[in-house]
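Here is a short briefing on one structure.

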Protein chains: 2
Amino acid sequence: MLSQHFKEMTKAPSVIRALSVYATERGKEIGYENVFDYSLGNPSVPVPEAFNQAICDLLKEKTSAEIHGYSPNPGNPEVRQIVADSLAKRFGIPYKQEHIFMTSAAASAIAHSVRCVAGCGDEILTFAPYFPEYNPYINESGAVLKVVPANTETFQINFDAFEEMMNEKVAAVLINTPNNPSGIAYSSETLRHLAEILYKKQEEYGHEIFLISDEPYREIVFSGADAPYVSSFYDNTLSCYSFSKSLSIPGERIGYVAVNPKAKDAESIVPMCVQISRGIGHNCPSSLIQQAMARCIDLTSDLSVYETNMNILYKELTDLGLSVVKPGGTFYIFPKAPEDDAIAFCEKAKKYDLILVPSDSFGVKGYFRMAYCIDTNKVERSLFALRKFMKECY
Amino acid sequence: MLSQHFKEMTKAPSVIRALSVYATERGKEIGYENVFDYSLGNPSVPVPEAFNQAICDLLKEKTSAEIHGYSPNPGNPEVRQIVADSLAKRFGIPYKQEHIFMTSAAASAIAHSVRCVAGCGDEILTFAPYFPEYNPYINESGAVLKVVPANTETFQINFDAFEEMMNEKVAAVLINTPNNPSGIAYSSETLRHLAEILYKKQEEYGHEIFLISDEPYREIVFSGADAPYVSSFYDNTLSCYSFSKSLSIPGERIGYVAVNPKAKDAESIVPMCVQISRGIGHNCPSSLIQQAMARCIDLTSDLSVYETNMNILYKELTDLGLSVVKPGGTFYIFPKAPEDDAIAFCEKAKKYDLILVPSDSFGVKGYFRMAYCIDTNKVERSLFALRKFMKECY
């Protein structure tokens, strides 16, 4: 018999996907260049040429078995060493190969981390606004996701609400900085305060509380932003990284979990990830992609376009009188809608071929997300539509 | 708190891995060329040159977003269409794109299939000898794996034992043909009989029983073997394929689930796999690897060496008086050990630098597995060691 659970899940509509499909359909009518599609977080800048070159070089230099053969379950050992060395050098934390587990991007890194540190009935807290895919990653593990209400002043952490929701069942806290959808990076002050509370609560409850840090936007940080490395603040941190955004390779499915060497039982966590992976289908990333990435470990795509786009949109949105916290990174901006019903607002925007995502699925009402990983020219052309929309409707 | 469940799992030793590590260590002492390492099922023949060429061509021909961008969750649509067309043409089953779900090789295909058709407390039956990784794939889904004892005469199915173990809780039957570790391919007669029983039991129990067919060795079939396509015999079949062995790319993690178009709710199964994948970390295979594979869909590596090696070993083992069923495919052979304790037998073999895997972890006692995906020259050199071992010990 087919699983009713997964069959039911197929019926839940994805708001973002539906908007993206709408944008594509509308593009067939009026030309996609005329649809101001701010729906999807798909990197718009190309991969660094060095990455493609590394692939071709590897195919020439190495044997078939070296390139295409099995990598050990935690990933290619040389690749893991290169990742550890790079992190150690950049962030001053003495990572070794044994602390790195290669994954199918951040999604897989989070799914493994959650299963490592939380079981059936345990709670994992995250902070609104949050990435809605956390729901399946966590729900399917048996743990329960609880969402701390947003601090809508700054989109830093709402510590009062957080402390109120902390309890003995909390096994982990999951954060995402720089944040999808708000674009905000947690400051050093925020992370210091978060760590203080977690250390205090660990003591109080007599068990570890892990910090799962989802950081695919780590390399997309704008000038002036205070966007420190999370694991520097708290020992029991599992950093979940993806190269999807930094190298513009989301389809290649590559990332890692980096275990803070001072975490409780740090040396057990990668072997546990291996066991978890066995149960869910050995989703080690492609061996070729691992090795090509390792040759580009400290490179990124030219990410400057995202800051350019952000500045254009931030200026326009504030000029239009919208309330918006200036992003510190990512390629998202998260303004307050001029009416309480963000879904109605985004529906009206469609008439101006503006594809905006209402904030409801991110755990906050009354805001909307714009993913500005699109051509700057299109961002500029969208301003006229934005002005017209606001003038005619509000 | 770290998951005790996964922490415990790290302590269970893998016999095959331990033997492989031993072989590598011994290789450092006497030269790996002198270790007759029959432990691991790692393809020894190179990838077809056309696969590497396809990668380089794609990187030149397509844009960064076309190659490295997100593929939709079920896989790249063009790639799925090419897979469907190839299967339809070869096996006469009208697969369409909607029946193909791209996976991280067969492991992931099985993990998804199991979750689609079985839930907590359901039973899944498989037949000894069987691939031990079925345990984590199934146990972690909440279903229960039950192993039907082997038919050691032929290593086809032990139907008496199977019918005895069938009951209303059985949601699926998992088979692997050609088989790891026996090397045997299920005959048309076997598959017809299996289908008859399943159709009868579906009727009797009033619910579907799915057949999950694990077939990574489908393309490695020896002359004279009757190795038919499983899905042709039974409508409710999910075929789990991997290109690891046929293209010698196990590290690239690519395969698929092909849903028989006549299966119950066939059109629901791929969307369900997408939901399952969300929960376990979106393990879609690399976009580049998907597209390169599609350009080589009907190619294989030069697989003939495996039959050559099989014939050499089969002759020698029978000449030595060992009881062995001649393999119909794969790169495994599964002789009866000359003493009841296969673990003791394989331990003694180490003194002759013969690395053999005892059958116990495959669900049968008293046999051993040789993975002859190694150079023919080494196979030939190993015969002297085999003879010496048998002469001195038995």
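**Overall fold of chain A**

Chain A has 14 helices and twelve strands; helices (H or I, at least four residues) and strands (E, at least two) are DSSP runs, numbered from the N terminus. The model is predicted: local features need pLDDT of at least 70, side-chain atom pairs count only at pLDDT 80 or more, and totals for chains, interfaces and linings use all residues. Residues are numbered from 1 along each chain as its sequence is written, chains are lettered from A and ligands numbered from 1 in written order, and side-chain values use heavy atoms, leaving out hydrogens and water.

**Size and packing of chain A**

- The radius of gyration of chain A, taken over C-alpha atoms, is 21 Å, close to the 21 Å that the globule rule gives for 394 residues, so chain A is as compact as a globular protein of that length. The rule is 2.2 Å times the number of residues to the power 0.38.
- Along the principal axes, the C-alpha atoms of chain A fill a box of roughly 60 × 55 × 55 Å.
- Of the 394 residues in chain A, 63% are buried (under 20% relative accessible area, 1.4 Å probe, protein chains only).

**Helix contact in chain B**

- Helix α3 (residues 49-61) of chain B packs against helix α11 (residues 287-294) of chain B at an angle of about 120°, with axes 9 Å apart.
- Axes are lines fitted to C-alpha atoms, for helices over the stretch in contact, and angles run from 0 to 180 degrees between N-to-C directions.
- α3(B) and α11(B) are therefore oblique to each other: angles under 35 degrees count as roughly parallel, over 145 as roughly antiparallel, 65 to 115 as roughly perpendicular and the rest as oblique.
- From α3(B), the contact (heavy atoms within 4.5 Å) uses F51(B), A54(B), I55(B), L58(B) and L59(B). From α11(B) come L288(B), I289(B), Q291(B), A292(B) and M293(B).

Conventions. Buried < 20%, exposed > 50% of the residue type's maximum accessible area, 1.4 Å probe, protein only.
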